[in-house]
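Q: I would like a close look at one part of this model, followed by a short account of some other parts. Please keep to what the coordinates show.

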Amino acid sequence: MSTAGTAGLYRRVLPSPPAIDFASSEGKKLFKEAIDDGTMEGFFKLISYFQTQSEPAYCGLASLSMVLNALAIDPGRKWKGSWRWFDESMLDCCEPLENVKDKGISFGQVLCLAQCAGANVEAFRTNQSTMDEFRKYVISCSTSEDCHVISSYHREAFDQTGTGHFSPIGGYHAGKDMILILDVARFKYPPHWVPLTLLWKAMDTVVWATGQRRGFMLVSRRQTAPLLVYSLSCKHESWIRTAKYLVDEVPMLLSSNNVKDVKYIISTVLTALPPDFAEFIKWVAEFCRQEDGSQGVSQEEKVRLSIKDEVLKQIQETDLYKLVTDILSSEKNVCQNKMTIDNQDGLPNIAASDCCQGAVFLAGKSGSDRVCSRETGVRCQRSNSDKPVWIASGNVINCCSAGSCGYSAVHPTSDDVLTALLLALPPQTWTGLKDNDVFQEITSLVSLEGLPPLLKEEILHLQVQLLLPKRCTDNKVKDDLGAFSI
């Protein structure tokens, strides 16, 4: 059969030197010696989850998903079927996959993705570190299973075809000062050893699109658990606008107003919410429904859901929650007279017309499944636009027949989401308050000291996520990437 018309390429010959094929006799010898020296400890976890990038421009996504799985970080959402697992398709919170497929991904975006995914990250461009420091980091991660290095480099330094590339570092050979690159473009080059000095040279190159140098990042597990309830993402537009409002605009709002008391502060913050905040609340409920509304819930999932329920209960026991609920209750009649025949098909009438139907939707059930809605309600919230903002909220309980489910799906509502967001605001939010008594009262109200450990961890993670939208949507990565470390 003639192959004259066959299109495409089948692999590339690995230029050697400078690289040494991992599967060659010399590569195997280096591997054995490195194992004996104890600098291949991270290799075995990585190789267990080694994957080939599924698109030519997905090297950053493949490298990150490989490392996240090696670190056993739970994505908190499903991949396929009932399985939670990191895949390239899951890493879309900072940049649409179609954009990555077309243009690739930047160093800063990979960093943001790692943080969105719940990892602890320290990132360094070559102008922020030295080759000796890089060597120390590589040795540290190579002698541990708890940390992995992702390198961003230019292939030209290795006489390889192509330009910028991402791949994890699989190990280190101290005697030869060589690094094992687990190249995720396995359709092109196999894993290979390269001199550390040459890899540094490959990283110490400038990305023409940004004018910034490449570098490396250290990825590890966080000491505390990932978000249990408010698994928010900088992918969603309403979350981006809400985070921008809370982080950037609220401090200015409070410093420019004649603040009377704490209730006035909370009311001011809530009444100036972005117009699409209702969509944000709706999205939070829908997100949780998609994650928790599966059929055939396992015992592990029941435990996970019960912990989520406990976090929500702990929020509702805070003094801040009681104040937020009181303020929202007093505001609920503000816009009642504004409803006209024109908005009969709007959110307030749809949600209020049939509580059971709304409960079925939130619970992800249909047909003969029995679902109950507890504390379902619709609030009219004033915003900084001319139009009222309607917020539908409710706790949904799956009322299955006896013994068929045995767990409750309690989803975030407007009151507890707002409370959590207020608790998660940076401390500097309140520094512009001119009245010291009011300042002391509000800081005491939002203080994380004294919160139950489970709730405190949830709020601390939410604080991190409040800062992510700006990082993810910013085209220019800050020079001080150390500030991004979590």
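Is glutamate 458 buried or exposed?

A: The model is predicted. In it, glutamate 458 has a relative accessibility of 2%, so this residue counts as buried, the cut-off being under 20%. Glutamate 458 belongs to helix 17, which runs over residues 453–473. Lysine 308 lies 150 residues away from glutamate 458 along the chain, and the C-alpha atoms of the two are separated by 10.0 Å.

The cysteines come next. The structure holds one disulfide. This disulfide is formed by cysteine 141 and cysteine 147, with 2.1 Å between their sulfur atoms. A disulfide is a covalent bond that joins the sulfur atoms of two cysteines. Cysteine 141 and cysteine 147 are both buried. Cysteine 59 is buried as well, because its relative accessible area is 8%. For cysteine 112 the relative accessibility is 1%, so cysteine 112 also counts as buried.

Helix 3 covers residues 59–70 and helix 5 covers residues 107–116. Their axes are 10 Å apart and the helices pack at an angle of about 30 degrees. Angles under 35 degrees count as roughly parallel, and helix 3 and helix 5 are therefore roughly parallel to each other. Their crossing is right-handed. On the helix 3 side, the contact involves Gly60, Leu61 and Leu64, which meet Val110, Leu113 and Ala114 of helix 5. Of the residues in this contact, five are nonpolar, one is polar and none is charged.

Key. Residues are numbered from 1 along each chain as its sequence is written. This is a predicted model: local features need pLDDT of at least 70, side-chain atom pairs count only at pLDDT 80 or more; totals for chains, interfaces and linings use all residues. Side-chain values use heavy atoms; hydrogens and water are left out. Axes are lines fitted to C-alpha atoms, for helices over the stretch in contact, and angles run from 0 to 180 degrees between N-to-C directions. Helices (H or I, at least four residues) and strands (E, at least two) are DSSP runs, numbered from the N terminus. Angles under 35 degrees count as roughly parallel, over 145 as roughly antiparallel, 65 to 115 as roughly perpendicular and the rest as oblique. A crossing is left-handed if the near helix is turned anticlockwise from the far one by less than a right angle, and right-handed if clockwise. Contact means heavy atoms within 4.5 Å. Ala, Val, Leu, Ile, Met, Phe, Trp, Tyr, Cys and Pro count as nonpolar, Asp, Glu, Lys and Arg as charged, and the others, Gly among them, as polar. Buried means under 20% relative accessible area, exposed over 50%, partly exposed in between (1.4 Å probe, protein chains only). A disulfide is a pair of cysteine sulfur atoms within 2.5 Å.
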